[in-house]
Amino acid sequence: MAGMAKEESKMICRRCGAEMNHHSDKIVYAADPEQAAPTELTLGGFMEEFHTCPKCGGGASRHN
Amino acid sequence: MEPRPLYIPVILGTTRMGRMSAHVAQLLMEEVSKQPGIETDLIDIAKVPLPTNDAGEAIRHADFSDKMNRADALVVVSPEYNHGYCGLLKHVLDSCLKEYIHKAVGIVGVSAGPFGGTRVIQNLLPVMRELGLVTIFWDVNFSTVQKAFDDNGKLLDDSYIRRIDKFLQELIWMAKTLRHGREQISLS
């Protein structure tokens, strides 16, 4: 729906179990054929999300 | 509840034998450790055992990765070799990525000549940016480093302490601000 924020599943901290905060995205250009197919066609690579735990400070990432 | 201490390790960014930057890195670590609420370590890239027949995140070293993940900010001590940085510093930095995102970094340039590593700092800035680190606008420049310390690594020019203190105050402010952002402010 126009104007509605995209829903996403929260990452859960592997150290303490708290919900993590999604604070950054980075476009990754991969040469590896298995990763090279762009999932973000307009950007030409795949998107990596970066999350941090507000409770223990641990970080994690995942491919979109 | 006491806030978690900030963790700001100091990276010694050269493997060269006889490196004067070791004195600089030791001094920086001592000055960081004097700051209240801050924990630190000295990370010598010569002791990060990475292979050289591959590169990037594929060769991530668990201990170095854990320290980068825990870090709120980094101090990188880099000598200037032929106007650039030590290739093995780049090799070690490139072994991580997600560990650096939205964390602060301050660079300490070291040179035997009069320019205090200004060119190596300029060369490192775009690398730091692409790694997701946030650079501060204070640097520390050690010129003619061979005259700045005695043979035992004792600092001979106290004026560096004032500059290091200003550099660290800015780095700590940025580290606190970015920790708040990482943990509390969502991208969307």
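Colleague: Let's start with B:Asp44: in which strand of chain B is B:Asp44 found?

Modeller: Happy to begin there, and keep in mind that this is a predicted model. B:Asp44 lies within residues 42-44 of chain B. That stretch is strand E4.

Colleague: Is B:Asp44 buried or exposed?

Modeller: The relative accessible area of B:Asp44 is 10%. Buried means under 20%. By that cut-off, B:Asp44 is buried.

Colleague: Which residue has a side chain joined to that of B:Asp44 by a polar contact?

Modeller: Leaving aside neighbours within four places in sequence, B:Asp44 is in contact with B:Leu12, B:Thr14 and B:Arg19. A polar contact of 2.6 Å links the side chain of B:Asp44 to that of one residue. That residue is B:Arg19.

Colleague: Now for helix H2 of chain B: is B:Lys67 buried, partly exposed or exposed?

Modeller: B:Lys67 sits in helix H2, which covers residues 62-70 of chain B. Not counting residues up to four places away in sequence, B:Lys67 touches B:Tyr7, B:Asp41 and B:Ile43. The relative accessible area of B:Lys67 is 23%. Since buried means under 20% and exposed means over 50%, B:Lys67 is partly exposed.

Colleague: And B:Arg162, is that residue buried or exposed?

Modeller: You will find B:Arg162 in helix H5, residues 159-184 of chain B. The relative accessibility of B:Arg162 is 59%. The cut-off for exposed is over 50%, so B:Arg162 counts as exposed.

Colleague: How many Å separate the C-alpha atoms of B:Arg162 and B:Gly109?

Modeller: Along the sequence, B:Arg162 and B:Gly109 are 53 residues apart. In space, from C-alpha to C-alpha, the distance between B:Arg162 and B:Gly109 is 16 Å.

Colleague: Which cysteine has the sulfur nearest to that of B:Cys96?

Modeller: B:Cys96 is buried, at 1% relative accessible area. B:Cys96 is in no disulfide, with the nearest cysteine sulfur 17 Å away. That sulfur belongs to B:Cys86.

Colleague: Now the place where the chains meet: what area is buried between chain A and chain B?

Modeller: Here 16 residues of chain A are in contact with 14 residues of chain B. Carbon and sulfur atoms give 51% of the buried area. The area itself is about 1,400 Å².

Colleague: Which residue of chain B forms a salt bridge with A:Lys26?

Modeller: Across the interface of chain A and chain B, the rule finds 1 salt bridge. In the salt bridge of A:Lys26, the closest N and O atoms are 2.8 Å apart. The partner is B:Glu130.

Definitions and conventions
Residues numbered from 1 in each chain as written. Chains lettered and ligands numbered in written order. Predicted model: local features only at pLDDT ≥ 70, side-chain atom pairs only at ≥ 80, totals over all residues. Heavy atoms only, no water. Disulfide = S-S within 2.5 Å. Buried < 20%, exposed > 50% of the residue type's maximum accessible area, 1.4 Å probe, protein only. Contact = heavy atoms within 4.5 Å. Buried area = accessible area lost by both parts, 1.4 Å probe. Salt bridge = Lys/Arg side-chain N within 4 Å of Asp/Glu carboxyl O. Helix = DSSP H or I, 4+ residues; strand = E, 2+ residues; numbered from the N terminus. Polar contact = N/O pair within 3.5 Å; in protein donor to acceptor, adjacent residues only side chain to side chain.
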